[in-house]
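Please keep the sequence and the structure open while reading.

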Amino acid sequence: MAGSVIADLIRAQIDNLEGPDADRDGWESLAIVLEFPDGEFNSAHGYLYSPGGRISAVAADPWAVRTAVKAYTDSYYQPDDALPRKILVQFDRTTGRYDVHFEETDEARWNATPRNFRELREELRPKLGADVGHAGAGRNAGNGA
């Protein structure tokens with residue numbers, strides 16, 4: 001799937017991840033939430049999951065990934081369509097499997113708070129088994145970034 005919009009999106013996220021304790025080499029999977037408040041992309045943040053249970057909070061500079069995000073959303077939405085509120089991109093580096101979930105209406109979905117951040121990290125953790133490709137809210141992807 002080299003050169004596809006999902007592969008480009010995942011690569012852009014990985015290449016631009018930042019975080020105070022991010023293990024840029026040792027992680028095995030990631031979950032990134034792309035946010036579109038007021039219909040415009042402005043945030044990319046999530047978690048890296050490493051062997052041994054380590055979870056690192058990360059973010060990507062929105063300006064650095066904007067082109068890849070736009071190419072991806074343009075592949076699903078017409079120019080006059082409203083963009084989703086959020087997109088969750090999950091990727092397992094060890095298998096190459098990925099999954100994408102679109103949240104069309106709930107602005108608060110996948111928001112981390114002091115009360116829920118531990119549970120949210122686990123909720124977002126990629127679980128990309130044989131059922132990849134038919135979970136999520138409407139549009140979804142499958143294998144090979």
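Q: At what relative accessibility does Arg-85 count as partly exposed?
A: This is a predicted model, in which local features need pLDDT of at least 70 and side-chain atom pairs count only at pLDDT 80 or more, while totals for chains, interfaces and linings use all residues. Residues are numbered from 1 along each chain as its sequence is written, and side-chain values use heavy atoms, with hydrogens and water left out. Buried stands for under 20% relative accessible area and exposed for over 50%, with partly exposed in between (1.4 Å probe, protein chains only). Arg-85 counts as partly exposed because its relative accessibility is 32%.

Q: How many residues apart are Glu-107 and Arg-85, a pair that links distant parts of the chain?
A: Helices (H or I, at least four residues) and strands (E, at least two) are DSSP runs numbered from the N terminus, and a salt bridge is a side-chain nitrogen of Lys or Arg within 4 Å of a carboxyl oxygen of Asp or Glu. Glu-107, itself partly exposed at 33% relative accessible area, forms such a bridge with Arg-85, their closest N and O atoms being 3.4 Å apart. Glu-107 is in the loop between E6 and H3, whereas Arg-85 is in the loop between helix H2 (62-74) and strand E5 (86-92), and the two are 22 residues apart.

Q: In which helix do Arg-11 and Asp-8 both lie?
A: A search of the whole structure finds six salt bridges, and one joins the side chains of Arg-11 and Asp-8 at 3.5 Å, N to O. Arg-11 is partly exposed at 38% relative accessible area, and Asp-8 is likewise partly exposed, at 34%. The two residues are three apart, about one turn of the helix, and both lie in H1 (residues 5-15).

Q: Is Trp-110, with its positive phi, buried or exposed?
A: Most residues other than glycine have a negative phi, and most peptide bonds are trans. With a relative accessible area of 5%, Trp-110 is buried.

Q: Is Asp-38 buried or exposed?
A: Asp-38 also has a positive phi, near 60°, in a residue other than glycine. It belongs to the loop between E2 and strand E3 (43-49). Because its relative accessibility is 75%, Asp-38 counts as exposed.

Q: How are the rings of Tyr-47 and Tyr-49 classed by the angle of their planes?
A: Rings of Phe, Tyr and Trp (its six-membered ring) pair if their centres lie within 6.5 Å, and planes under 30 degrees apart count as stacked, over 60 as edge-to-face and the rest as tilted. The count by this rule is seven aromatic pairs. The centres of Tyr-47 and Tyr-49 are 6.4 Å apart and their planes are at 50°, so the pair is tilted.

Q: Which residues form one aromatic cluster?
A: Tyr-47 is buried, with a relative accessible area of 10%, and Tyr-49 is buried at 1%. The rings of Tyr-77 and Phe-102 have their centres 6.1 Å apart and their planes at 50°, so this pair is tilted as well. It links distant parts of the chain, with Tyr-77 in the loop between H2 and E5 and Phe-102 in strand E6, 25 residues apart. Tyr-77 and Phe-102 are both buried, and the members of the one cluster are Tyr-72, Tyr-76, Tyr-77 and Phe-102.
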